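Subject: Handover of a structure and its findings

Dear colleague,

Please find below the structure that I am handing over to you. My findings follow it, and I would be grateful if you read them with the structure open.

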Amino acid sequence: MLQPLRIRLARRKPCQRALIRSLTPDHAENPESIDANFENWVRMWVDLRPAGKSDCGKIIALRGVSWDGQALWLIRHADKRFGYHDTAPTPQAAIAEATAAWAERRRVRRHWPTVRRIARDLALGRRRMEVRLEDAHASALCTVGIEAFLRRIGLGRYDRVSGRMAAMMMILEPQVGFVILAAHERVNGRLPDEPPPSDHNRGLRLA
């Protein structure tokens, strides 16, 4: 994924400048507080000044706005490389949703060898399964990132794809594995919990 990119206000198009000013009224006095951010397929402007913080002090909520004008929160954790996008009404609610999603992602990572096996079987035609948009929303991924990814690959109007297509998409974006597991569990039930992953799996960048 692309990392945050600092762009001077003078270089931005008028529509982009208008979005930024809607993000923070005092931007003129704090021009360096705004970054362009492209994590997890979401293109947005982010105000780097925290608008909320968790009780533990390791999680912050940053106010943002997408390039199409949607108000967002970018939730950052001190121990995680990538953030979580949320549209909750308050920073506290967004932090709570991000925390729950990260807990679910830890569960899925423990099953990652199974996820890869399912994806391989789907790609080779040894297994058939329909993967629905509802599976994506039921997974540990953020809704904003799901919708942005589907639009970028030309599937923004689709509400389901074949399992084989989903497996191919996982090659492009490994996090599609979360959706594949959600689809598998919808059909077959929740997998029994697994012990923490071994060291060779901990390098996986699965947000």
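Arg127 sits in the loop that joins helix H3 to strand S7 (130-132). In this predicted model, Arg127 is partly exposed, since its relative accessible area is 29%. Beyond its neighbours within four places in sequence, Arg127 is in contact with Ile118, Asp121, Leu122 and His184. Arg127 and Arg164 are separated by 37 residues in sequence, and their C-alpha atoms lie 8.6 Å apart in space.

How far may the model be trusted along the chain? The mean pLDDT is 84, and 78% of the residues reach 70 or more. Two stretches call for caution. Over residues 1-11 the pLDDT stays under 50, and the model has 31 contacts beyond four places in sequence for them. Residues 199-207 also have a pLDDT that stays under 50, with 21 contacts beyond four places in sequence. Where pLDDT is low, the predicted coordinates should not be read in detail.

As to the overall architecture, the chain contains seven helices and eight strands. Of its 207 residues, 46% are buried. Among the contacts with a separation of 6 or more, 56% are between residues 24 or more positions apart.

Which residues have the most contacts inside the largest nonpolar core? They are Met129, Val131, Met169, Met170 and Ile180, in a core of 37 residues. Two or more residues are given to this core by each of strand S2 (44-47), strand S5 (71-77), helix H3 (112-123), H5, helix H6 (163-172) and H7. In soluble globular proteins, nonpolar side chains tend to be buried together.

Not counting residues up to four places away in sequence, Ile180 touches Ile118, Ala119, Leu122, Met129, Ala166, Ala167 and Met170.

The axes of H6 and H7 come within 8 Å and cross at roughly 155 degrees. That angle makes H6 roughly antiparallel to H7. On the H6 side the contact is made by Ala166, Ala167, Met169 and Met170, and on the H7 side by Val176, Gly177 and Ile180. Of the residues in this contact, six are nonpolar, one is polar and none is charged.

The other pair is helix H2 (residues 91-110) and helix H7 (residues 176-188), which pack at an angle of about 80 degrees with their axes 11 Å apart. H2 is therefore roughly perpendicular to H7. Arg105, Arg107 and Val108 of H2 make the contact with Phe178, Leu181 and Glu185 of H7. These residues divide into three nonpolar, no polar and three charged.

Val144, Gly145, Ile146, Ala148, Phe149 and Leu150 are the buried residues of H5. They pack against S5, strand S6 (84-86), helix H4 (133-138), H6 and H7. Just after H5, Gly154 takes a positive phi of about 85 degrees. Leu155 lies in the loop between helix H5 (143-152) and strand S8 (160-162). Is Leu155 buried or exposed? Leu155 is buried, because its relative accessible area of 12% falls under the 20% cut-off. Apart from its neighbours within four places in sequence, Leu155 is in contact with Leu150, Val161 and Met169.

Most residues other than glycine have a negative phi, and most peptide bonds are trans. Asn40, however, has a positive phi near 50 degrees. Asn40 is also buried, with a relative accessible area of 8%. Trp41 is found in the loop between S1 and S2 as well, and Trp41 has a positive phi of about 75 degrees although it is not a glycine.

Yours sincerely

Key: Residues are numbered from 1 along each chain as its sequence is written. Side-chain values use heavy atoms; hydrogens and water are left out. pLDDT is the predictor's confidence in each residue, from 0 to 100. Contact means heavy atoms within 4.5 Å. Helices (H or I, at least four residues) and strands (E, at least two) are DSSP runs, numbered from the N terminus. Buried means under 20% relative accessible area, exposed over 50%, partly exposed in between (1.4 Å probe, protein chains only). Axes are lines fitted to C-alpha atoms, for helices over the stretch in contact, and angles run from 0 to 180 degrees between N-to-C directions. Angles under 35 degrees count as roughly parallel, over 145 as roughly antiparallel, 65 to 115 as roughly perpendicular and the rest as oblique. Ala, Val, Leu, Ile, Met, Phe, Trp, Tyr, Cys and Pro count as nonpolar, Asp, Glu, Lys and Arg as charged, and the others, Gly among them, as polar. A nonpolar core is a set of buried Ala, Val, Leu, Ile, Met, Phe, Trp, Tyr and Cys residues joined through side-chain atoms within 4.5 Å.
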